[in-house]
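Colleague: I want to learn how to read an interface between two chains. Where do we start?

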Number of protein chains: 4
Amino acid sequence: MLIVMRHGANEEQIQNVIDTIKKKGRDAHVSKGDMHTVIGAVGANQIDPRDFELLDGVKEVLKISSSYKLVSRIFKPEDTVIDVNGEKFGGGYVGLIAGPCTVESEEQVEACAKKLSSYGVKIIRGGAFKPRTSPYAFQGLGEEGLKIIRRVADKYNMAVTSEVMEINQIPLFLKYVDILQVGARNMQNFNLLKELSHVNKPVMIKRGLSATIEEWLMAAEYILSGGNREVILCERGIRTFERATRNTLDLCSIPVVNKLSHLPIIIDPSHGTGLRDKVAPMSMASVAAGCDGLMIEVHDTPDCALCDGAQSLYPEQFKDLMEKLKKIAPVVDKKMSIAV
Amino acid sequence: MLIVMRHGANEEQIQNVIDTIKKKGRDAHVSKGDMHTVIGAVGANQIDPRDFELLDGVKEVLKISSSYKLVSRIFKPEDTVIDVNGEKFGGGYVGLIAGPCTVESEEQVEACAKKLSSYGVKIIRGGAFKPRTSPYAFQGLGEEGLKIIRRVADKYNMAVTSEVMEINQIPLFLKYVDILQVGARNMQNFNLLKELSHVNKPVMIKRGLSATIEEWLMAAEYILSGGNREVILCERGIRTFERATRNTLDLCSIPVVNKLSHLPIIIDPSHGTGLRDKVAPMSMASVAAGCDGLMIEVHDTPDCALCDGAQSLYPEQFKDLMEKLKKIAPVVDKKMSIAV
Amino acid sequence: MLIVMRHGANEEQIQNVIDTIKKKGRDAHVSKGDMHTVIGAVGANQIDPRDFELLDGVKEVLKISSSYKLVSRIFKPEDTVIDVNGEKFGGGYVGLIAGPCTVESEEQVEACAKKLSSYGVKIIRGGAFKPRTSPYAFQGLGEEGLKIIRRVADKYNMAVTSEVMEINQIPLFLKYVDILQVGARNMQNFNLLKELSHVNKPVMIKRGLSATIEEWLMAAEYILSGGNREVILCERGIRTFERATRNTLDLCSIPVVNKLSHLPIIIDPSHGTGLRDKVAPMSMASVAAGCDGLMIEVHDTPDCALCDGAQSLYPEQFKDLMEKLKKIAPVVDKKMSIAV
Amino acid sequence: MLIVMRHGANEEQIQNVIDTIKKKGRDAHVSKGDMHTVIGAVGANQIDPRDFELLDGVKEVLKISSSYKLVSRIFKPEDTVIDVNGEKFGGGYVGLIAGPCTVESEEQVEACAKKLSSYGVKIIRGGAFKPRTSPYAFQGLGEEGLKIIRRVADKYNMAVTSEVMEINQIPLFLKYVDILQVGARNMQNFNLLKELSHVNKPVMIKRGLSATIEEWLMAAEYILSGGNREVILCERGIRTFERATRNTLDLCSIPVVNKLSHLPIIIDPSHGTGLRDKVAPMSMASVAAGCDGLMIEVHDTPDCALCDGAQSLYPEQFKDLMEKLKKIAPVVDKKMSIAV
């Protein structure tokens, strides 16, 4: 932490800052410029910068940014590659996850899986516990939903990803699911993150609607700090003033995360835009920007979907999109294992 | 839901929209204007508007806003008054909660409670389980913290409020705490909300950092829909582009909520601004704007606080503030029970 | 500017940063901590921090915040008091401006002025040139509007404020108007600001919809740097994700600006909320928070207003509000000259 | 406009709404649903929805979105193609503009132009009048800058684009420049837009930092409504809470604008990200998302640039990027004329 004194701050004020730093058990380094005296507080990550902002003579306090370590590329320069059922995320690979928003019935999942599997998709998605803004809306099939998607996935040699919402659901998910997804609303549910840090399956963390990239990486740090090194970051749009789309997909998070962290970052263009006709352009943009994977909602009959049908692709649209993605990926030195 | 057709949409397109509404089991009402044909879908709250946005000839879909019922002033026109230990929120009363951010030790809580109690404060706050952005920061004393704050509160005839973070912590909180607080990050933790809807103690719901007022009221609807009618809404700032303050305190939420809902709305100026010298102005502004209560952080030695000391008032500052608030309240026809 | 090196940055990388600073004609101060080496670039306000972010070994660059001088309280500790027609803004005074959104006709302005003047209002507002989002909406009466409001104001011994939109309109405004208002959309129209810096009448600068407080103060710096020291800052709401109100009124800007600058800050609760029934609560909140003035839209027949009628008070509502404000002001040690 | 009555609104309240509509000279269409009565106000685009929100019994008012006509794809279904010096924007073409942020000297522009021209770039950019947040920063060379860039462009058979800031600068720009650029801060400078609507050269409108897509299209409508049909829209990032990048580039604006309007949309990844190493990924993403053009900052010696050097590409980086873009464009059925 660096405390910048006002132009004209006097010796007493400077000394008071130094004393305050020392009272908190840290060392102070003073550096006098022609305009401002700057006082560095060494090893001060746990100190609240605002404690100094209120002191007399202080102009402002600059915080050296955050304390994530294990997720940082400084700590681990090479890409973390996550391999689930042969589908790779990171290290030059663009992995794919596809499937319906919600598990509605065995027939529906079967219809989706059959198509997706024939296109080479190796991981299917599908919600079983659905958090909904209204208490009166469809809330998912629960464990029955997990059983259905597992059964169908096994039939087609697919892996499964689904959203876990509660600590006490974790054992259930470990039984049925291959990637445990943490929803945007739970990104800072730190108790849940701590529990997932002890799990030996990959965890996918969606970015919160109003989370900075730094907070998102810090959420991943919770998982890594408990021992689980397999984390996939998933950008799904942030909340801004713009209402033409459901959320604003922040694609620049791809190069930003790639520089700061070794963890793979994937994009969910379905939730990120909320409208089917925006999914293909944003998927292509994501691959061109260097993402490590995509999670796309596909439904065999989107018009009848119980949830988010409007953002789900028809299987044929998905297939067309895959063909285009396979052409874009090599331009940015990426590989896609999908065999469309 | 109202589907507005484009100027020039043809009969076939209009019929297709009507058919789609009927396929979903709803009735359609058609109204032809000189510019636009508008088709109303009756009883369509569970239908996703985007299913229609993608149809040919549709200009846009307007959603009649949300489906909260029990929290609405239409449903219950008179104010809900929540009385905890003789301190009232709503119905013309401005209730008060004060205390440290976090329970640090018995001595600290005792020192705070003694002062606050002497000023007439009847409800003390203090966190025991602290969600922190970094996994390496102080995480609270846990159950030990709850025991301490209960013991001290009993000594001074005070009630207690503290934040519950997990479903499995609820029994513990029911034992020690009088108002169960749901943090901003948990505002849409719907499983937690559902469990709290069965509790027979008041629940305080903090507004999420990026939650609209409508989503916030919907979170309250979760609690009421399960049978618990005692909900206090707590505004604590939203996330915007401005960085001069930690959050942007949205004080206009006071008249907005007062019009839409019968539930009391209180303000947390400590988290809402993040800086001690902004707490008094924002507290006075809140009462002048018609709030039903305040929750203010007070610490006997803020400079030594383990957490958020910079936003905690000194006890004397708090006392001065109370004296001013007691003068502002009657101007807006409000009563404060505090006996400063 | 402070350049923080990564933990583990080597000597060569550090030297490269130092050399780059020197190449730009600045001095470098190196300070080695146990985690990070920090390099201060002295006198570096005109250097772009991003030039260093891209260098090897650099963790981040912290900018000492901005270069406003004349608007700063450091430069001038005592309040700037602006006196227009005997109405004061700043220095313990809460000044008042009221009137219709737009000048519609002599009869309308006359009806407003008569009422407002009888309440003791000394400054009337009214737009003559109206910037409108749509090219097809009413665009104001132009010079004719200025003549009308001047004529009526003279009759009632009132001063006039109105929005100037263009450099070439300035001579016209100097002829008819006492306070020249810069609209939110023009807050960073730097050419206009430069011209207004040479004018010998007060300028009111509205905060831009997405302007930080720092940028707003910098806009004021443009005016002061040209010689015009009479600037009033006017908060009128910022754009956020919330749609329950037209804008989010950032009342905490009052204590923030009061701390950083000697210039008076006033609030426009009419544009800040966009709805009549929110104007009174937000006006009272503003005075309680310590503002130096208010600008409120009042219309004798708001239901027939050509523009923004829904946010205009009826004259009687305005009178009631003034009576309440006169009771709140002394609680926060403020005076209001209005003689309701 | 559609006025939705509350569940349980009575006949008197409904009649009052109808009367209010009629008083404003519009027709009312009533449609009674089982939950809500909905009243359509025909031809009500100039009516302020808030006039109805305040009436008794009204639940909410839904506005049929905006009144742009000439920019709409309904009005003109086929793409507008803008051809400047043989470089095309729209209609399947991805046009290119490149050059330094600011004109610094003849040598600098010459060095850039030589390189860019050798890569096949046909339009050079360069600012002459620079709006800067601080009054103390470099403000551009003015007319001298325009002369320099024109002279150099002529030598290399290039066209010129530069930002016009003031109505009174227009004659100057018509003399030296081929595309007149309106900056983000001037997007709602409606007087400037009106003047540019009479100009017979293409105008490029940058999206304002906090402008919705609808407001942006409305700004374009100003130009078209005066007779100038050659408008290029330029996305350059919006302001959000995220600070890892200077702005948040909203790439989903590409398919959104493409659906709503026939005008070409181009991306400025340099200002949109603010950092050189993000420019290539975002450029590739833009083309993959279907943009009609790119404007990229290139400087022969970015480290010495007077302005925004950190976001400028080295000429060689630009060349590499062009080679990649030429491979991505055909995947999305686009052509690039550049001959790298």
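Modeller: Start with polar contacts: pairs of N or O atoms within 3.5 Å; within protein, one must be able to donate a hydrogen and the other to accept it, and residues adjacent in sequence count only if both atoms are side-chain atoms. Across the interface of chain D and chain A, six residue pairs are in polar contact, both at pLDDT 80 or more. This is a predicted model: local features need pLDDT of at least 70, side-chain atom pairs count only at pLDDT 80 or more, and totals for chains, interfaces and linings use all residues. Residues are numbered from 1 along each chain as its sequence is written, chains are lettered from A in the order in which they are written, and side-chain values use heavy atoms, without hydrogens and water.

Colleague: How many salt bridges are there between chain D and chain A?

Modeller: A salt bridge puts a side-chain nitrogen of Lys or Arg within 4 Å of a carboxyl oxygen of Asp or Glu. The count here is four. One joins A:Lys259 to D:Asp277, with the closest N and O atoms 3.4 Å apart.

Colleague: What area is buried between chain D and chain A?

Modeller: The size of an interface is often given as the accessible area lost when the parts come together. With a 1.4 Å probe, summed over both parts, the figure is about 2800 Å², and carbon and sulfur atoms give 76% of that. In chain D, D:Phe241, D:Cys252 and D:Val331 lose the most area to chain A, together 21% of what that side buries.

Key. Buried area is the accessible area (1.4 Å probe) that two parts lose on being put together, summed over both.
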